[in-house]
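Below are my notes on the model, as numbered points.

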Amino acid sequence: MNYASGELEQPEKSTATPPVRPNSNTFRNPVHRNVCPQTGVTLSRYMMEMERLNPELQELESIFTSIQVGCKAISKLVRTATLACNTGAAGNVNIQGEDQKKMDVLANDVLKNALQWAGHFKTIASEEEDEPLVGFMHEDGRAEALVDTNYIAVFDPLDGSSNSDAGIPVGTIFGIFHHREECGLDNANDRCLEDVLQPGKSMVAAGYCLYSSATTLVFTLGDGTHGFTLDESLGEFVLTHPNMKIPQRGSIYSFNEGNRFDWDKPVQDYITNLQQGRGEAGKRYSLRYVGSMVADIHRTLQYGGIFGYPADKKNLNGKLRLLYEAAPMAFLVEQAGGAATTGTRPIMEVLPTDVHDRVPCILGSPADVAELQSYYAKAQTMNRSSDDGEGIGEADLTHFA
Ligand code: AHM
Ligand code: MG
């Protein structure tokens with residue numbers, strides 16, 4: 001493949017002054033129209049271009065260098081897991097009571113090291129770490145609270161890892177926030193925690209990396225959602241999905257049907273109508289459910305439709321984690337023109353009270369998500385007027401956050 005330069009549109013230089021959060025009024029994305037097959041734009045080149053257009057975001061360019069190295073290393077680990085005997089349980093249980101797999105531990109170590117040694121983070125938080133960690137680590141293992149860094153990273157190093165031993169696609173999810181509080185080594189845990197507990201709407205950048213038939217890194221800096229595919233021969237991510245746009249409506253729903261009888265009644269009714277062709281689209285939807293959120297969202301972004309892990313009677317706040325699963329995905333989907341809700345409020349508005357908080361998740365094409373929200377809205381209205389016994393009962397509504 002010839003990766004000669006493509007034509008670049010050169011927007012005016014940003015005049016914004018530091019610090020360091022992309023500003024929707026001044027932020028400039030590099031714009032590349034011809035990405036395949038004759039021209040190619042590597043992620044490194046894209047990020048250098050982004051930095052040139054937005055000099056105040058120099059650290060972000062460097063952060064993405066760390067992220068892409070981490071993702072490449074995890075991609076290799078996923079592909080060689082069986083050959084290298086890295087399948088199966090690690091023998092540990094994480095703070096959420098889940099058995100860690102060897103691959104969870106390896107992927108966490110890879111990404112943690114890539115981010116901590118980059119020297120750009122006050123704090124990092126991972127699904128596989130009980131508490132947030134101070135963001136910089138010397139090679140000898142000494143933690144240091146850096147004073148002149150501006151960012152917080154949250155991540156799920158290997159989402160869907162229960163699938164990984166069977167060769168089913170898995171992924172990494174990450175979010176980047178601007179820091180709020182100084183995170184020093186004195187009382188570091190409290191300060192780090194304080195720093196991390198931010199709503200999705202404060203996110204500076206978010207992304208996922210899908211490890212599937214190809215390795216694909218999809219991210220947003222708050223101005224569109226862009227996808228890069230790993231060219232293994234080059235060892236470089238190459239722009240393949242510029243400015244992704246989710247279809248207005250799809251014909252696929254992606255929920256774990258095994259939980260149907262525990263779902264909120266609005267979700268049960270909505271899915272039943274989709275299955276019977278009695279929804280707003282007037283046609284029957286197909287079910288596609290990988291059980292790896294990254295894979296299910298990657299398909300939803302491209303084909304449209306609706307993905308959900310709603311509240312149910314066993315999991316009153318659903319299963320998926322707000323900070324490093326739901327919020328980054330909500331940011332990506334919204335930046336691609338989609339919608340993301342708990343059923344009753346935008347995921348991006350939900351304020352975490354703990355690093356590992358869970359939240360009901362419904363994401364996808366705007367028309368599909370709006371249709372399901374209308375079932376919740378109707379149920380809420382009926383619930384309010386149900387003292388007379390006519391409406392839907394509280395027992396049918398597990399979550400109205
Ligand atoms: P994990 O972070 O422990 O891997 O769990 C998250 C995964 C998501 O990728 C996926 O959407 C969901 O769990 C599937 O759960 P279930 O098996 O209950 O359908
Ligand atoms: Mg996960």
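1. Helix H5 (residues 265–275) and helix H8 (residues 366–384) have axes that come within 9 Å and cross at roughly 135°. Helices here are DSSP runs (H or I, at least four residues; strands are E, at least two), numbered from the N terminus. Axes are lines fitted to C-alpha atoms, for helices over the stretch in contact, and angles run from 0 to 180 degrees between N-to-C directions. H5 and H8 are therefore oblique to each other; angles under 35 degrees count as roughly parallel, over 145 as roughly antiparallel, 65 to 115 as roughly perpendicular and the rest as oblique.

2. From H5 the contact takes Lys265, Pro266, Asp269 and Tyr270, and from H8 Glu371, Leu372, Tyr375, Tyr376 and Ala379. Two residues are in contact if their C-beta atoms, placed from the backbone, lie within 7 Å. This contact of H5 with H8 divides into 6 nonpolar, no polar and 3 charged residues. Ala, Val, Leu, Ile, Met, Phe, Trp, Tyr, Cys and Pro count as nonpolar, Asp, Glu, Lys and Arg as charged, and the others, Gly among them, as polar.

3. The model is predicted: local features need pLDDT of at least 70, side-chain atom pairs count only at pLDDT 80 or more, and totals for chains, interfaces and linings use all residues. Residues are numbered from 1 along each chain as its sequence is written, while chains are lettered from A and ligands numbered from 1 in the order in which they are written.

4. Helix H1 (residues 43–53) and helix H2 (residues 58–80) cross at roughly 165°, their axes coming within 8 Å. The two, H1 and H2, are therefore roughly antiparallel. H1 passes H2 in a right-handed crossing. Leu43, Met47, Met48, Met50 and Glu51 of H1 make the contact with Gln58, Glu61, Phe64 and Gln68 of H2.

5. Helix H6 (residues 293–303) packs with helix H7 (residues 322–335) at about 15°, the axes 11 Å apart. That makes H6 roughly parallel to H7. Met293, Ile297 and Leu301 in H6 meet Glu325, Met329 and Val333 in H7.

Definitions and conventions
Left-handed = near helix turned anticlockwise from the far one by under 90°.
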